[in-house]
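Hi everyone, thanks for coming. I'd like to walk you through a protein today, so please have a look at the picture with me.

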Amino acid sequence: PLELMVADIYSTIASIHYKMQNYRSTIEYYLKAIEIREQLSSADDPELAINYNNLAIAYHDVGELAAAVRCFEKVVLVRLARVSPADASLLPTYNN
């Protein structure tokens, strides 16, 4: 759907802001992308996990560690919806 394409564009804009070290704008655009994906995607959408992961990193970079932890926890939940908790592919997620 068109809305998911908009979510992809928001993610790209967020990524550009991150590279420019505009972390507040990064957070704003990842939140927009996530809002769309949560409404239109399945609970195990890999792009949703990627957006949450990147959002967590941005929160970390501005010192909002509690928000970063919440986002990383959502990454785990999204990935667990796709695989079992013992799956080796989750190891990088747990390391964040």
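Let's start with how the chain meets itself: among contacts with a separation of 6 or more, 45% are between residues 24 or more positions apart. Please keep in mind that this is a predicted model.

What is the protein built from? It has 5 helices and 0 strands, so if you read from the N terminus, you go α-α-α-α-α.

Now the surface. The protein exposes about 5,700 Å², and carbon and sulfur atoms supply 58% of that area. Of the 96 residues, 33% are buried.

Next, the aromatic rings. How many aromatic pairs does the structure hold? There are 2. One of them joins Tyr10 and Tyr29, with 5.8 Å from centre to centre and 50° between the planes, which makes the pair tilted.

Tyr10 comes out at 22%, so it counts as partly exposed.

Then there is the pair of Tyr18 and Tyr23, also tilted, with 5.2 Å centre to centre and 55° between the planes. Tyr18 has a relative accessible area of 30%, which means that Tyr18 is partly exposed.

That's my tour, and I'm happy to take questions!

Technical notes: Residues numbered from 1 in each chain as written. Predicted model: local features only at pLDDT ≥ 70, side-chain atom pairs only at ≥ 80, totals over all residues. Heavy atoms only, no water. Helix = DSSP H or I, 4+ residues; strand = E, 2+ residues; numbered from the N terminus. Buried < 20%, exposed > 50% of the residue type's maximum accessible area, 1.4 Å probe, protein only. Contact = heavy atoms within 4.5 Å. Areas by Shrake-Rupley, 256 points an atom, 1.4 Å probe, with all protein chains shown as cover. Phe/Tyr/Trp six-rings, centres within 6.5 Å; stacked < 30°, edge-to-face > 60°.
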